[in-house]
Amino acid sequence: MKFFLDTANIDEIKLAASMGILDGVTTNPTLVSREKGAGTFKEMIAQICEIVDGPVSAEVVSTDAKSMLDEAHELAKISENVYIKIPMIREGLKAVKVLSSEGIKTNVTLCFSASQAWLAAKAGATLISPFVGRVDDISGVGMDIIRDIRIIYDNYGYETEILAASLRHPLHLVEAALIGADISTMPYKVFDQLFNHPLTDIGLKQFLADWDKVKDHV
Ligand code: G3P
């Protein structure tokens with residue numbers, strides 16, 4: 001499973017990239033709005049593409065297919081690593097179909113059902129982003145959507161990759177991996193939490209203390 005960071009924060013992206021296990025980045029207008037003052041949107045995406053050797057999702061903000069395509073063509077010029085993030089609406093899928101025929105990579109976002117994911121795959125989406133946490137937030141079971149999409153895509157051989165999004169904690173990632181999602185995107189906080197285990201800390205402390213006792217004699 002590929003690991004993406006869900007952020008537009010350059011420091012977080014640099015930090016995660018320095019671990020050597022970061023495969024890509026997803027952004028959205030809300031995440032970009034949190035980085036006010038960090039340059040224009042295009043500059044931000046270009047900077048992220050310089051740091052990360054992998055897909056970088058940049059979202060359009062138009063809601064009609066023609067304007068989405070205009071935005072997408074501009075964003076795609078930034079780098080071949082740019083994936084155009086398009087909302088899961090009728091006009092969005094029209095744009096995805098065109099971009100797919102042009103060889104431009106897409107990430108269909110704001111997906112909340114298996115039927116939506118099915119349509120996105122039929123339109124030729126490169127990635128589909130089901131939002132797990134937001135469904136959990138309203139007392140649904142977000143992970144069930146990932147499970148259903150996996151089955152549908154496998155049944156019919158769709159090549160669209162499942163990008164589990166809106167992940168809130170490490171167990172979300174483990175569940176997504178067990179189901180067979182292709183990618184997980186997570187906030188830096190969740191990425192960092194994946195490393196943690198209290199027994200690792202206790203064990204290391206003990207090893208170092210024991211070594212200290214004998215280090216001058218071995
Ligand atoms: O970027 C898409 C998705 O991951 C958003 O997550 O936490 O805003 O529901 P969240």
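This is a predicted model: local features need pLDDT of at least 70, side-chain atom pairs count only at pLDDT 80 or more; totals for chains, interfaces and linings use all residues.
Local features need pLDDT of at least 70 and side-chain atom pairs count only at pLDDT 80 or more, while totals for chains, interfaces and linings use all residues. Residues are numbered from 1 along each chain as its sequence is written, and side-chain values use heavy atoms, with hydrogens and water left out.

Let's start with the overall picture. The C-alpha trace of the protein spans about 75 × 40 × 30 Å along its principal axes. Of the 218 residues, 45% are buried (under 20% relative accessible area, 1.4 Å probe, protein chains only).

Now to the ligand. Around the ligand (a heavy atom within 4 Å) are D6, N28, K85, F131, R134, A165, S166 and R168. This shell has four charged, two polar and two nonpolar residues; here Asp, Glu, Lys and Arg count as charged, Ala, Val, Leu, Ile, Met, Phe, Trp, Tyr, Cys and Pro as nonpolar, and the others, Gly among them, as polar.

Taken alone, the ligand exposes 310 Å², and the protein buries 83% of that (Shrake-Rupley method, 1.4 Å probe).

Key
Buried means under 20% relative accessible area, exposed over 50%, partly exposed in between (1.4 Å probe, protein chains only).
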